[in-house]
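The following note comments on the strand and helix packing of the model shown below.

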Amino acid sequence: MDAVEQENSERQKKWLKDKKIGEGTYAVVYQGREAGTNRKIAIKKIKVGQFKDGLDMSAIREVKFLRELKHKNVIELLDVFSAKTNLNLVLEFLDSDLEMIIKDRSLVFLPSDIKSWVAMTFRGLEFCHRNWILHRDLKPNNLLIASDGHLKLADFGLAREYADPGYKMTHEVITRWYRPPELLYGAKYYGSAVDIWSVGCIFAELMLRIPYLPGGSDIDQLKTIFRALGSPTEEEWPGHTKLPNYVTVGQFPKPPLRDLFTAASADALNLLNKCLIYEPRKRITAKEALHHPYFFALPYPTHPSKLPKCSTKQDTPPLGEMDGNLNGKGRKRKLSSPDGKVRSIARKLDFGQVVAGSDG
Amino acid sequence: MATTRAGGWLQGRTVRKGGALSSTNATRSSTPQQVQSTSSTIYGGGVKDPSGRTAEFFVRQSMDDQCPVCKSDRYLNPKLRLLVSSCYHKMCESCIDRLFTLGPAPCPICNKTLRKLAFTPQTFEDLTVEKEVAVRRRIAKNFNKRREDFPDLRGFNDYLETVEEITFNLINEIDLPETEARIQKYKAENAALTELNVQREEAYVRALREQEDQERRERETRAFELQREEEEERLLRESDKRSIIDKLETSDKDALKVIAKAKAQALKRSTARNASNSTAQSSALLLRSRAAQSNIVPDVPHAPFNDEYHAYESMFSLKSTYNDFMSDAVRKDREGIMRAGGYMVEEAWERAIRCAVAGLDLSPLVGLDDGIPRLPGLDDSGDVVMASA
């Protein structure tokens, strides 16, 4: 056993798998704990064998960037080890995501809650951007919530470095509903503004409690965006008609945001508006957003520990009482005669009385 | 003669307001249910409340109802309808048509000149009440000052006193020319304020009506919701019953157990539904409890960054342009494809500069011998800590 293998097996022993909690296309996620401290962790086992070209690209990206990023609002990669032919990522365990919270109708969001979540999202994103990393898959599903309420950016499977001199990038990134128009138009040179658009959509979704721009296809996505925000003009977004996949999807007027977000404060709408500017270079940056008056205005952002959480427990009513009631009728003995055949007929015959008696 | 008849009315016989009448008076089925005008003239006026609900007064059951002028009564003319003149005398529609169609003519009772259109339907049984109401309406139209319009209560009370005096004079016809002059004087002096108060009153009425509408809509939605829920519950119960029967037929488990299980399930479902209903209803309560909770852990004001990363930006400055092949590429990109996508060559420059200067300020790595490669210049959030900080 050489030094590398020895190191690997030592690391492997540190982490214990408990149970499977999810499965994706290229990975299985297990809940586990750290051997010494019993700290809860998640182990993401990357399936290697199925891919001809070796490791899946997203696994490489995830390891590459998460090894570098350590921030309160970014998921922490604790360790990486291999077992047999699999690659295992040890991540901190986070029990819920923002999508679950948005969909939980029993939760009520205060304006300060939304402010807190958006601020944490921007903080995590600013950290990625300052390290020249684009997340490229921001959506409520990928914003995980720790047990202490902190929000963390996760799933760096589509992340990429940016601001390198002039390499083409793919436009086939970001879940459609959160994808900015420049990517829908097939832009191959873009920047951090793509993530800001996604945050804008998430911000709107937090206020509406339903996805803000749910398009059925890529073309429909453009239509949905323009219907909500008006068609871009050449002054608003110079050069967009020259983008590779430019299509015309019809002219739509620009309705005021206030019509949809009736309860939002003026500051909130201003920030939302700046996140959803068509011209990517004019779109607010994460750093600027964190200095936006919305975050400084009252009410203060909710302290993370007080943010609404999903309740996973479900109460089941006690069954004993029902059973007791029926047994009290004193028919049980009569029904349980030893002969199976007779019993089934007898039951049918007796049934009417039971129902009549218990409903009676 | 006519006055004794009218006096007879005042003696408390059963009278009804036309609008509130139900069809209980089966004694004369030929009595019209609706007041019908014998002529084509539509008489306006009378007393109406803002909602228009006040109805015309007329006597239905009384056969004694008689026109003081032509003496025709309800027996002869079932459609008899008596209207009131501006001098507060009654006569039937046919008399009005006969006497006043050719223009103004004197009242057959008091000789005051009357016009056909000045006749109004009767609202009150007692004509003195009718008169008083009409006078008060007229006065209230002009004398509509409110308490707010006076600096003190004394002034307001004096004003009310004056209004009452004028009203009394008009009703009892005391010093009529002088009273009319007073009204005219007041009108001229207070035109603007009167108009303002009229508008205020209208706005109030409108708001009231809107509120009523809103409440009615809410009631309707609630009722509909309730009905829907009940229907759902009924369907569920039926399907439960059917499924019990099916199960009892097909399975050979103990009948009581099957029923008990089904019942338990139904109970579980209904409690779950109730719970979800109550959570929806108690969202306000929840908000209140959230508000109470906020005192335990105080919310802190927003701080843009929790580290000092941007502090070292003062240690370098970016130029507006660099001699770089990428800037050429962007400049040559005449169609602006790179720019339209949001690519910024400035970011590439900034990144290069930052990479060049980052860490210049850090002390050299030490302590690699503990086996864990840990950079000394990182705080717990992993951000670079400035040596100067």
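**Note on sheet and helix packing**

1. Strand β5(A) is mostly covered, with 7 of its 7 residues buried; buried means under 20% relative accessible area, exposed over 50% and partly exposed in between (1.4 Å probe, protein chains only). Both faces of β5(A) are covered: N86(A), N88(A), V90(A) and E92(A) are buried on one side, and L87(A), L89(A) and L91(A) on the other.

2. On the basis of the note: this is a predicted model, in which local features need pLDDT of at least 70 and side-chain atom pairs count only at pLDDT 80 or more, while totals for chains, interfaces and linings use all residues. Residues are numbered from 1 along each chain as its sequence is written, chains are lettered from A and ligands numbered from 1 in the order in which they are written, and side-chain values use heavy atoms, with hydrogens and water left out.

3. Strand β5(A) belongs to an open sheet of 5 strands in chain A, with the order β1-β2-β3-β5-β4 and antiparallel pairing. Strands (E, at least two residues) and helices (H or I, at least four) are DSSP runs, numbered from the N terminus, and two strands pair if DSSP finds at least two bridges between them. The edge strands, each pairing on one side only, are β1 (15-23) and β4 (77-83) of chain A. Neighbouring strands of this sheet are turned by 30 degrees against each other on average, direction ignored.

4. Strand β3(A) is joined to β5(A) by 6 bridges, and the two run antiparallel; here A42(A) stands opposite L91(A). The antiparallel pairing of β4(A) with β5(A) also comprises 6 bridges. In that pairing L77(A) stands opposite L91(A), and S82(A) has L87(A) as its bridge partner.

5. The hairpin of β4(A) and β5(A) has 2 residues between the strands, and K84(A) takes a positive phi near 50 degrees there. Strand β4(A) is mostly covered, 6 of its 7 residues being buried.

6. Elsewhere in the sheet, β2 (residues 27-34) and β3 (residues 40-46) of chain A run antiparallel and are joined by 7 bridges. Within β3(A), I41(A) stands opposite G32(A).

7. Helix α2 (residues 57-66) of chain A lies across β3, β4 and β5 of chain A, at about 45 degrees to β5(A). Axes are lines fitted to C-alpha atoms, for helices over the stretch in contact, and angles run from 0 to 180 degrees between N-to-C directions. Because 7 of its 10 residues are buried, α2(A) is largely enclosed by the rest of the structure. The buried residues are S58(A), A59(A), R61(A), E62(A), V63(A), F65(A) and L66(A). Their cover includes β3, β4, β5, β7 (133-134) and β10 (160-161) of chain A.

8. Helix α1 (residues 3-14) of chain A lies across β1, β2 and β4 of chain A, running at about 120 degrees to β4(A).

9. In chain B, the axes of helix α3 (residues 127-142) and helix α5 (residues 176-189) come within 10 Å and cross at roughly 30 degrees. That makes α3(B) roughly parallel to α5(B) (angles under 35 degrees count as roughly parallel, over 145 as roughly antiparallel, 65 to 115 as roughly perpendicular and the rest as oblique). The contact (heavy atoms within 4.5 Å) involves R138(B), I139(B) and N142(B) of α3(B) with E180(B), I183(B), Y186(B) and K187(B) of α5(B).
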